[in-house]
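Try each task before you read its solution.

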2 protein chains.
Amino acid sequence: MRKINDYSKSHAEFLRAERVIPSGIYGHQGPAEGCYVPVEAFPLFSSRAKGSYLWDLDGNRLIDYMCAYGPNILGYHDPDVDAAAAKQRAISDCTTLPNTVMIDFAELLVETVATADWAFFAKNGNDVTTLAVMVARAFTHRKKIVFFKGYYHGVSPWTQKIDYAGVIEEDVMHNIYVDWNDFDALERVFAENRGEIAAVIGQPYMHGNFADNALPAKDFWQKVRRLCTAESSVLIVDDVRAGFRLDLAGSDHYFGFEADLICFCKALANGYNVSALCGKDFLKNTVSSMSYTGSYWLSAVPFAAGIACIEKMKRINCPRLLNEKGTKLKEGLIAAAESFGFDLHVTGAPSLFYLRIADDPSLRLHQEWIAECVKRGIFFTNHHNHFINASLSDEDIRETVEVAAEVFEVLRARHPKG
Amino acid sequence: MRKINDYSKSHAEFLRAERVIPSGIYGHQGPAEGCYVPVEAFPLFSSRAKGSYLWDLDGNRLIDYMCAYGPNILGYHDPDVDAAAAKQRAISDCTTLPNTVMIDFAELLVETVATADWAFFAKNGNDVTTLAVMVARAFTHRKKIVFFKGYYHGVSPWTQKIDYAGVIEEDVMHNIYVDWNDFDALERVFAENRGEIAAVIGQPYMHGNFADNALPAKDFWQKVRRLCTAESSVLIVDDVRAGFRLDLAGSDHYFGFEADLICFCKALANGYNVSALCGKDFLKNTVSSMSYTGSYWLSAVPFAAGIACIEKMKRINCPRLLNEKGTKLKEGLIAAAESFGFDLHVTGAPSLFYLRIADDPSLRLHQEWIAECVKRGIFFTNHHNHFINASLSDEDIRETVEVAAEVFEVLRARHPKG
């Protein structure tokens, strides 16, 4: 039997954090939004990270399947990306005038991403999803935006829900929500709002929280593409989470269509702080007309890191590699579950797998399984997709499946069948 | 006579940039919004930076008074900040769980900033001004926000103007604009919107573009503070630009009042990518209730840099130092102008001085003077405040004043006194 992790130091530090930081740790890296249920099962702070591992304050090593919620695609401290960043850092980073590495990075994205005729850089996914919506509104002179239910496009008021704190009705009054994969509903919405829809914004597939992830139905995106073209609406793909894990040319390319605007962040530079909006030529002048910038947006180090990251992802054929690793893990986990009579659903792309034990609709059994895996050094989390990184080894996958099986056995003993 | 800079390489690279990046260089670092008039006078890309200097692609060294539009407060590549960042980088940066350096940074801000009972970290000034407004709306259950005309609070739709591309009327319909320093107007606005004003948001003094910068009138902020308290509205200070250049305890403290929320970015970590919202205890639970985060927001390296930056700013009494350097420069520039019969206005805080030659209301004479200074290696820009950094030497100031005088002489020869 594996050792059960102790998290005393993590939890003591959390008390210190709560005194000076709202929520102690906010956002998806914190125990609340991160769905660390029960919180006792999870470490809360890391002391260091390398490859596919992180170490917590209590000295536990964990195989990290959250990958900083996406940015870690090549492995923490990838030597090639870090070397490129260090080389640029010795010259300049955040200066009054940009370094030409910005142009090199834009050229590389234009060469790599199918739908990219240009690139605009910012810092958060939220910066570029917001810019995309503003560009669509400016270009079409329309206000309405269609979302697919279950979406996440950042934290700006326009993309939050009306019942969220700080959001007012005017922020979201032109938002229209349709079910994912329901093309008929989308068509109806266009018919009812003829000439008023500025954009459709969607993730490349439904990788939302608290629900099995769902790939696009056959021809769904192709029909959406044709409808947007026919209605002169802008088609925005939010590839912040899935970007570069399915296809280096963009997840729209992976699913066989072309977005007008595509948003990248996370895996773009292996954790260095940069995001990008890429798009088609017909929208370039509109972007140029916007007043949109930030203090650090033209910093050079993340551009150098991004170039090294994309070049390495090409060299190792990263999406194929992640798919192979993810598929191996998926098959191992499902087999382990079956051995003890559990019905584990593994959905979404294998490189961004979503886990759910379907035997208990209350999800408490699922949470119990996740908790016991985490306590044994496998960092999964509840109700959010996971991420594969390129440094994850066969040995890591073997260890993960072994722990998963051990925990299924423990759970079966606690909850005997029938 | 000084050498006149050539910018052939910069301008050739700009043509390459324009092909793959909207505007070539967007935002305040680009020739359009950066007011590089005439653009031929300005370099457009930097090759490296150190202390108070940047070098452009054509090998010209410039004394940089824009300081990356604020972040450079200690000098480019400050050895103490860079060492702290490097030490943290060797351990971890962007990981699934935060490093406890986040707590240390929050504790240091709470100890340093007068109005800070807590700190919340993000990436852009815009992230924290947006959060501040959302917190005010969530706390007060009101919608209206009062701005001071000439403000800049970032690029989110709520803070842009109705005639800006991509902004719709619903984004700004609850914005109320009053003249800076006009307390009577503010009182009228409160009387006309009783119980409806969520917040007043203001920069600590009017350091807007295209106008002489204006310090607060006597007792202005104290009256605003009392009014906000009486009306249960939240008082937000946007200290993104001026923060730490006037007072390490916050610019509200410098002007003798206490904000409820204060926004920092730029000088917070000498160019490392971090921003912070700090505030009073009564708003902490509201912040905790928000859904607000981003991919890199808990990255450890900028926190380590921020700690080193604040500690060094304390050690060298940075605001006093910058004020002394800025005052010396201001006096030198005004004297140089006077020698040749020009009326140079230097307004705002000396550490964030704003320049305007008042002899020609069309501002063309001013632009001509700026252009000729830049061409001789002094990086000023038009119609935006400048920034002093701690590494600016007496020799740099002497050289700047010499160049300024030489250019005034050139201008007087071109434009003999009527």
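**Exercise 1. Find the partner of strand β2 of chain B and state how the two strands run.**

Solution. Start at residues 53-56 of chain B, which make up strand β2, and look across to residues 61-64, which make up β3: 3 bridges join the two, and they run antiparallel. Strands here are DSSP runs (E, at least two residues), helices are runs of H or I with at least four residues, and both are numbered from the N terminus. Two strands pair if DSSP finds at least two bridges between them. As a landmark, look for Tyr53(B), which faces Ile63(B) in β3(B).

Before going on, note that this is a predicted model, in which local features need pLDDT of at least 70 and side-chain atom pairs count only at pLDDT 80 or more, while totals for chains, interfaces and linings use all residues. Residues are numbered from 1 along each chain as its sequence is written, chains are lettered from A and ligands numbered from 1 in the order in which they are written, and side-chain values use heavy atoms, without hydrogens and water.

**Exercise 2. Describe the hairpin of β11(B) and β12(B).**

Solution. Strand β11 (residues 344-347) of chain B runs antiparallel to β12 (residues 354-357) of chain B, with 4 bridges between them. Within the pair, Val346(B) sits opposite Leu355(B). Then follow the 6 residues between the strands, where Gly348(B) takes a positive phi near 80°.

**Exercise 3. Characterise the contact between chain B and chain A.**

Solution. Begin with the residues: 97 from chain B and 98 from chain A take part, where contact means heavy atoms within 4.5 Å. The buried area is about 8,700 Å², with 57% from carbon and sulfur atoms; this is the accessible area (1.4 Å probe) that two parts lose on being put together, summed over both. In chain B, Tyr26(B), Thr96(B) and Tyr296(B) lose the most area to chain A, together 10% of what that side buries. Now turn to charge: 8 salt bridges are counted between the chains, including one between Glu169(A) and Lys143(B) at 2.8 Å, N to O.

**Exercise 4. What symmetry relates the two chains?**

Solution. Chain B can be laid on chain A by a turn of 180° and a shift of 0.0 Å along the axis, with an RMSD of 0.0 Å. That is the relation of a two-fold axis. The superposition is by least squares on C-alpha atoms of residues with pLDDT of at least 70 in both copies. To find the axis, look for Glu170(B), the residue of chain B that comes closest to the rotation axis, at 2.8 Å (C-alpha).

Technical notes. Salt bridge = Lys/Arg side-chain N within 4 Å of Asp/Glu carboxyl O.
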